[in-house]
Amino acid sequence: MSKQNAIPVIINGAAGKMGREVVKAVAQASDMVLMGALDTSSEHQGKDAGELAGLSEPLEVPITNQLEPMLGYVAGERQMQPGVMIDFTHPSGVYENVRSAIAYGIRPVVGTTGLSPQRLQDLADFAEKASTGCLIIPNFSIGMVLLQQAAVAASQYFDYVEIIELHHNQKADAPSGTAIQTAQLLREMGKTFNPPQVQEEEKIKGARGSEVGEGIRIHSIRLPGLIAHQEVIFGAAGEIYTLRHDTSDRACYMPGVLLAIRKVQQLKSLVYGLEKIL
Ligand SMILES: NC(=O)C1=CN([C@@H]2O[C@H](COP(=O)(O)OP(=O)(O)OC[C@H]3O[C@@H](n4cnc5c(N)ncnc54)[C@H](OP(=O)(O)O)[C@@H]3O)[C@@H](O)[C@H]2O)C=CC1
Ligand SMILES: O=C(O)C1=N[C@H](C(=O)O)C[C@H](O)C1
């Protein structure tokens, strides 16, 4: 495929754990071209994004922290398809990054978690007004979509459920975006879970996790040695039904990321969740 027909991609957070994986995936996709690699980390400024990601050949794309000039440059490439900005950065910066991308007509594909419901709504309104596609995906793994579908199916028959998410201890936000989304899918079932059997008293605050609504609680665990894991445990008289997803390599997210880059081209507003584009 010629460069003109390829999708121009900017990766924000390119020096991070997910960003490096995305650099490799985009470099290997024949219908995409990596136009820019951004990261605020001072130690990686000017380094080649491909070499940093572990590719044997440089991509000749240096890491920079200048987002707006990069967005302007890609937006100005009129001969090419509309550009896409991938964001795997930090909850503190993702809102501004997405607003800037949309302002330049660049379509955001966002994996960064930790956006508040209010900020998600603001971004949805902004994308709608600009008629610009935007994908916000709390989890790019196909296995997690299947887990969530199984949880929704089970929730029709079980009234008791708890969600446990387990992550590496470099994670900034808790609970995970995936656990919040999983709870939200169960909350949409139109019932209240976990009707109390006794008058419960938390002797230590937080011992029973955090309730997110409709009686659903999320428990967050952070440990070195973990990557990303989630359990949804249903209980009923005499039985336990456990759904569990384990990530052993961040490569598992890449088919979802590449799919999102292709699909966001066809959208004119914000879409939340991988299941909506499968
Ligand atoms: N949706 C999904 O499937 C997945 C989502 N995630 C989410 O993606 C995000 C990133 O995760 P991960 O790669 O593990 O994190 P890392 O900390 O490894 O990488 C983030 C990188 O982004 C840089 N950065 C921070 N703020 C900005 C900013 N405003 N603009 C540009 N670069 C910035 C960081 O630099 P510095 O270190 O100097 O701050 C760092 O190099 C998290 O929110 C995580 O929860 C993770 C895995 C899967
Ligand atoms: O920080 C991570 O690592 C992950 N974050 C996402 C989340 O918060 O759900 C997705 C996945 O769990 C990995």
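How far apart do the end C-alpha atoms of residues 143-278 lie, and how much of the span is helix and how much strand? The end C-alpha atoms lie 12 Å apart, and the span is 24% helix and 29% strand. UniProt, in an unreviewed entry, places the feature "domain: Dihydrodipicolinate reductase C-terminal" at these residues, 143-278. UniProt positions are given in the numbering used here, feature names are shortened, and annotations may be inferred rather than shown by experiment.

This is a predicted model, in which local features need pLDDT of at least 70 and side-chain atom pairs count only at pLDDT 80 or more, while totals for chains, interfaces and linings use all residues. Residues are numbered from 1 along each chain as its sequence is written, and chains are lettered from A and ligands numbered from 1 in the order in which they are written.

The chain has eight helices and twelve strands. Its radius of gyration is 20 Å, close to the 19 Å that the globule rule gives for 278 residues, so the chain is as compact as a globular protein of that length. The radius is taken over C-alpha atoms, and the rule is 2.2 Å times the number of residues to the power 0.38. Helices (H or I, at least four residues) and strands (E, at least two) are DSSP runs, numbered from the N terminus. Along its principal axes the C-alpha trace spans about 65 × 40 × 30 Å. Of the 278 residues, 38% count as buried. A residue is buried if 20 or more other C-beta atoms lie within 10 Å of its own, exposed if 12 or fewer, and partly exposed in between, with C-beta atoms placed from the backbone. Among contacts with a separation of 6 or more, 70% join residues 24 or more positions apart; two residues are in contact if their C-beta atoms, placed from the backbone, lie within 7 Å.

Helix α4 (residues 94-103) has V94, N97, V98, A101 and I102 buried. These residues cover an arc of only 125 degrees around the axis, which puts them on the same side of α4; the arc is that of the directions from the helix axis to the C-beta atoms. After α4 comes G105, with a positive phi near 75 degrees. One residue of α5 is K129, which is exposed, with 10 other C-beta atoms within 10 Å. K129 and I102 are 27 residues apart in sequence and 10.0 Å apart in space, C-alpha to C-alpha.

Two ligands are present in the model. Around ligand 1 there are 27 residues, of which G13, G16, S41, G93 and G111 come nearest. A residue is near a molecule or strand if its C-beta atom, placed from the backbone, lies within 6 Å of it. Helix α1 (residues 17-28) supplies the largest share of this shell, three residues. By class, the shell around ligand 1 has nine nonpolar, 15 polar and three charged residues. Ala, Val, Leu, Ile, Met, Phe, Trp, Tyr, Cys and Pro count as nonpolar, Asp, Glu, Lys and Arg as charged, and the others, Gly among them, as polar. Ligand 2 is surrounded by T113, P138, N139, H167, K171, S176, G177, T178 and A228. Its shell divides into two nonpolar, six polar and one charged residue.

For "binding site", the unreviewed UniProt entry lists H168, G177 and T178. G177 and T178 also belong to the surroundings of ligand 2. G177 lies in helix α7 and counts as partly exposed, with 19 C-beta neighbours inside 10 Å. Leaving out residues up to four places away in sequence, G177 touches T113, G114 and P138. H168 is found in the loop between β7 (160-167) and α7 (177-187). With 15 C-beta neighbours inside 10 Å, H168 counts as partly exposed. Under the same exclusion of residues up to four places away, H168 touches P224, L226 and I227.

The backbone has some further details. Most residues other than glycine have a negative phi, and most peptide bonds are trans. The peptide bond from A174 to P175 is cis, with omega near -5 degrees, and P175 is placed in the loop between β7 and α7. S131, not a glycine, has a positive phi of about 50 degrees. S131 lies in the loop between α5 and β6 and is exposed, with 11 other C-beta atoms within 10 Å.
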